[in-house]
Amino acid sequence: MSLELSAPPQSAPACADDGVWLECIACEEQFAPFDEIRYTCDSCDGLLEVRYADPPTFEDFGSGASTDGPDRGVWRYREALPFDLGVTLPEGDTPLHEASRIREEVGVEHLRIKHEGMNPTGAFKDRGMTVGVRVAQELGVGRLACASTGNTSAALAAYGARGGMETLVLLPKGKVAAGKIAQASLHDARILEVDGNFDSCLDIVQELAERGEVYLLNSLNPFRLEGQKTIGFEILEEHYADYGTYPDRIVLPVGNAGNTAALYKAFRELVAGGALDESEVPKLTGVQAEGAAPMVEAVQNGASEVRRWEDVETRATAIRIGNPVNAPKALPGIYNTGGTAVAVSDEEITDAQRALAGEGIGVEPASAASVAGLRKLRKSGDIAADESVVCLTTGHLLKDPDAAFEAGGDPEPVANDAEAVLDLISPGERSPLQAASRRVSRATESPALPALIGGGLALVYLGYRKLRSDS
Ligand SMILES: Cc1ncc(COP(=O)(O)O)c(C=O)c1O
Ligand SMILES: [Zn+2]
């Protein structure tokens, strides 16, 4: 099975374990999945993919699986995963929100927001970690590690803690949102802040992994993407249940391009299993911040490789990445599904974050990039008005409280006094006349109004009777 959308199913090679093996996407060399720790190909250093002899169909999921297990979340899809259950909190089964105001504003047929910020640690990374930490147990490794723009470190720390394992995280100093460091800290990861960007953190962790010091749980690890693949299964199942069709397009933020690669893999497997027609595969559409957009540059040039950006900057720190390691898996996903990629400014990201918040959906800046990208591509006409679109929002609002305050405004101080509060919330209404008119208007809204009117009429009638009897 190559990276073509139409690749047929493969039969298991001799090295496979229960129908599962690793395969290099560049030279197609095959490896046993769990006999040794490897992240890339021994021969050519290409990226590895987990392959299965039995591609899944929708009937295999949940209660249709040949094994007992959860009916919801990541492990609902165990027939398409290397294990039946992992170290779980549990993860997945995230909401597919409607967003009617944004839908009307941009003008598309359907718009749904797949809010991955509703996972246990507040980001999609949990889906990858539940599988990755299970594999770490299988391999018998001691120390788990990752480089991170924040969310991977929070997920690794939580899932490592759950599995009773030691965790080490390398973060770019001063560039990780507060909520994420707080999580890694409380879940007791060893946190090292590197004087460099995410890409240099990943270089270091990769070197430590090659020396056998740590087990690497970045998305370079092919098992991480197996868990993240379930986002694709969930979106297709939920969309079909609601509309009887699959979405035309999935718009998602891109950093290391792990999700783009993982969603494409989910679709390829369903096509190989005959469950999905090639024409039904959603167009994968990646969005990056203008200051960190090497994938967008590659797609705009029709290139098969990305150029590493050394200097990257964006308010959306989660996608402040200049060297997307999964690009060789993700670019075919964008090209072969008829998708595209677009860069958005930090202002556009913040505006989209506000628009989502206005629908009650709280996301961190990187997540809002998907909606900012949708707006931009609708304006340019790259996305058509008759499309059904799903935007992926990858992390929760509380991950980055500083960004939320900047987008939303700070609380105002007020004296401990009701009049002072009224002065602030209804300014200009404090003259005696306005106060009196407010009392009248309050009285007319009062539920006691009919009784008052009734009482008034009774008094008038009694007065009239008295006048008659006196005359
Ligand atoms: C909130 C958020 N969105 C998007 C991304 C990028 O995801 P990917 O590396 O799969 O492109 C990350 C991870 O780095 C993230 O934390
Ligand atoms: Zn190879």
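How many residues of domain 1 are in contact with how many residues of domain 2? In this predicted model, 32 residues of domain 1 are in contact with 31 residues of domain 2, where contact means that the C-beta atoms of two residues, placed from the backbone, lie within 7 Å. Let's walk through the structure topic by topic.

**How to read the model**

- Residues are numbered from 1 along each chain as its sequence is written, while chains are lettered from A and ligands numbered from 1 in the order in which they are written.
- This is a predicted model, so to speak of local features a pLDDT of at least 70 is needed, side-chain atom pairs count only at pLDDT 80 or more, and totals for chains, interfaces and linings use all residues.

**The chain as a whole**

- The protein chain has 16 helices and 13 strands; these are DSSP runs numbered from the N terminus, with at least four residues (H or I) for a helix and at least two (E) for a strand.
- Taken along the principal axes, the C-alpha atoms fill a box of roughly 120 × 50 × 45 Å.
- Of the 471 residues in the protein chain, 48% are buried. A residue counts as buried if 20 or more other C-beta atoms lie within 10 Å of its own, as exposed if there are 12 or fewer, and as partly exposed in between, with C-beta atoms placed from the backbone.
- Among contacts between residues at least 6 apart in sequence, 69% join residues at least 24 apart.

**Domains and where they touch**

- The chain is divided into domain 1 (87–116 + 224–407), domain 2 (125–223) and domain 3 (432–470), with bounds that come from an automatic or database domain assignment.
- The C-alpha centres of domain 1 and domain 2 lie 23 Å apart.
- On the side of domain 1 that touches domain 2, helix H6 (222–228), helix H7 (230–243) and helix H13 (401–408) are the elements that give two or more residues.
- H6 gives the most to that side, with 5 residues.
- The residues of that side divide into 11 nonpolar, 13 polar and 8 charged. Here Ala, Val, Leu, Ile, Met, Phe, Trp, Tyr, Cys and Pro count as nonpolar, Asp, Glu, Lys and Arg as charged, and the others, Gly among them, as polar.

**Around ligand 1**

- Ligand 1 is surrounded by 18 residues, and the closest are Gly 255, Asn 256, Gly 258, Thr 394 and Gly 395; a residue is near a molecule if its C-beta atom, placed from the backbone, lies within 6 Å of it.
- Helix H8 (258–272) and helix H12 (365–380) each supply at least two residues of this shell.
- The shell has 7 nonpolar, 10 polar and 1 charged residues.
- Both domain 1 and domain 2 contribute, with at least three residues from each.

**The nonpolar core**

- In soluble globular proteins, nonpolar side chains tend to be buried together.
- The largest nonpolar core has 123 residues; such a core is a set of buried Ala, Val, Leu, Ile, Met, Phe, Trp, Tyr and Cys residues joined through C-beta atoms within 7 Å.
- H8 gives the most to this core, with 9 residues, and at least three residues come from each of domain 1 and domain 2.
- Ala 369 is one of the residues with the most contacts inside the core. Not counting residues up to four places away in sequence, Ala 369 touches Pro 253, Val 287, Ala 289, Ala 316, Ile 319, Val 344 and Ile 349.

**Strands and sheets**

- Two strands pair if DSSP finds at least two bridges between them.
- Strand E13 (residues 388–393) is mostly covered, with 5 of its 6 residues buried.
- Strand E5 (residues 110–115) runs parallel to E13, joined by 6 bridges, and His 110 stands opposite Ser 388.
- Strand E10 (residues 249–253) also pairs with E13 in the parallel sense, over 3 bridges, and Arg 249 stands opposite Val 389.
- An open sheet of 4 strands has the order E8-E7-E6-E9, with parallel pairing; its edge strands are E8 (190–194) and E9 (215–216), each pairing on one side only.
- Another open sheet, of 3 strands, has the order E2-E1-E3 with antiparallel pairing.

**A closer look at Thr 88**

- Thr 88 is found in the loop between strand E3 (48–52) and strand E4 (96–98).
- Thr 88 is buried because 21 other C-beta atoms lie within 10 Å.
- Leaving aside neighbours within four places in sequence, Thr 88 is in contact with Trp 75 and Thr 130.
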